[in-house]
Amino acid sequence: MNDQLYKARPPIILNTTMSSNIIDRIQLAIERWNPWWQAEWHIPPFIDREIMQEFSKILELRHIKDILGIRRCGKTTFMTQIINNWVASGVDLHHILLVNCDDFILKDADFNQILTAIRLISPNITHLLLDEIQEKPGWESWVRTLYDQAEFHQILLTGSNSSLLSDDV
């Protein structure tokens, strides 16, 4: 794998005419969903599951990963365990970002606004987690573009809508 593709990039401002107030609100919403950036945060205790050992092999691949299941079945908890796995393997916590697409502010934000906020928060994000991605219409093209342009080293999606169970995922 060519790690040169995933080096930290300078901030990308996609639309300089966007209201800074909107971008500020998006940034705050994103920061709320990323408690591991706070100095006092510690990884909560988990029951070690066999599936994590199996999934950790998949995490080594660059491909987009998706975790599908009904609401409230533990997808977000599993993502936290994946974050723990990444940190244990040497990934800096400040390079991991979770975007909860079910957040009322992020639900209304467009993809350019979200990406602008991400790059303003940190140009060093390498691991992107998109929780409840089905809440964002048109997400498939956006995620595919992020992947094709190697914007992030890892992209992980969760979803709980039957539309995500199609062959397109």
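How many of the 169 residues of the chain count as buried, as a percentage? The figure is 43%. This comes from a predicted model, in which the chain averages a pLDDT of 81 and 82% of the residues score at least 70.

Over residues 1–16 the pLDDT stays under 50. For that stretch the model has 29 contacts beyond four places in sequence.

The chain contains six helices and four strands. Their order along the sequence is α-α-β-α-β-α-α-β-α-β. Of the contacts with a separation of 6 or more, 83% are between residues 24 or more positions apart. The accessible surface of the chain is about 9500 Å², and carbon and sulfur atoms contribute 51% of it.

Nine of its eleven residues are buried, so H5 is largely enclosed by the rest of the structure. The buried residues are Phe111, Gln113, Ile114, Leu115, Thr116, Ala117, Ile118, Arg119 and Ile121. Their cover includes helix H1 (20–32), strand S2 (96–100), helix H4 (104–108), S3 and H6.

Phe111 also takes part in ring packing. The chain has one aromatic pair. Why does the pair formed by phenylalanine 111 and tryptophan 142 count as stacked? The ring centres are 4.6 Å apart and the planes meet at 20°, and planes under 30 degrees apart count as stacked. Lysine 136 lies over the face of phenylalanine 111, at 5.4 Å from the ring centre.

Another charge over a ring involves tyrosine 147. The charged end of arginine 62 sits over the ring of tyrosine 147, 4.1 Å from the ring centre.

Tyr147 is also one of the residues that isoleucine 155 touches. Isoleucine 155 is found in strand S4, and its relative accessible area is 3%, so it counts as buried. Leaving aside residues up to four places away in sequence, isoleucine 155 touches His63, Ile64, Lys65, Leu128, Leu130, Val143, Leu146 and Tyr147. Between isoleucine 155 and leucine 129 the C-alpha to C-alpha distance is 5.8 Å, although they are 26 residues apart in sequence.

Strand S4, residues 154–159, pairs with strand S1 in the parallel sense over four bridges. Leucine 68 stands opposite glycine 159 in this arrangement. Which residues of S1 (residues 65–68) lie on the covered face, and which on the uncovered one? Lys65 and Ile67 make up the covered face, while Asp66 and Leu68 make up the uncovered one. In a regular strand the side chains alternate between the two faces of the sheet. Lys65, on the covered face of S1, is among the residues touched by isoleucine 155.

Conventions. Residues are numbered from 1 along each chain as its sequence is written. This is a predicted model: local features need pLDDT of at least 70, side-chain atom pairs count only at pLDDT 80 or more; totals for chains, interfaces and linings use all residues. Side-chain values use heavy atoms; hydrogens and water are left out. pLDDT is the predictor's confidence in each residue, from 0 to 100. Contact means heavy atoms within 4.5 Å. Buried means under 20% relative accessible area, exposed over 50%, partly exposed in between (1.4 Å probe, protein chains only). Helices (H or I, at least four residues) and strands (E, at least two) are DSSP runs, numbered from the N terminus. Two strands pair if DSSP finds at least two bridges between them. Accessible areas come from the Shrake-Rupley method with a 1.4 Å probe; for residues, only the protein chains shown count as cover. Rings of Phe, Tyr and Trp (its six-membered ring) pair if their centres lie within 6.5 Å; planes under 30 degrees apart count as stacked, over 60 as edge-to-face and the rest as tilted. A charge sits over a ring if NZ of Lys or CZ of Arg is within 6 Å of the ring centre and within 35 degrees of the ring normal.
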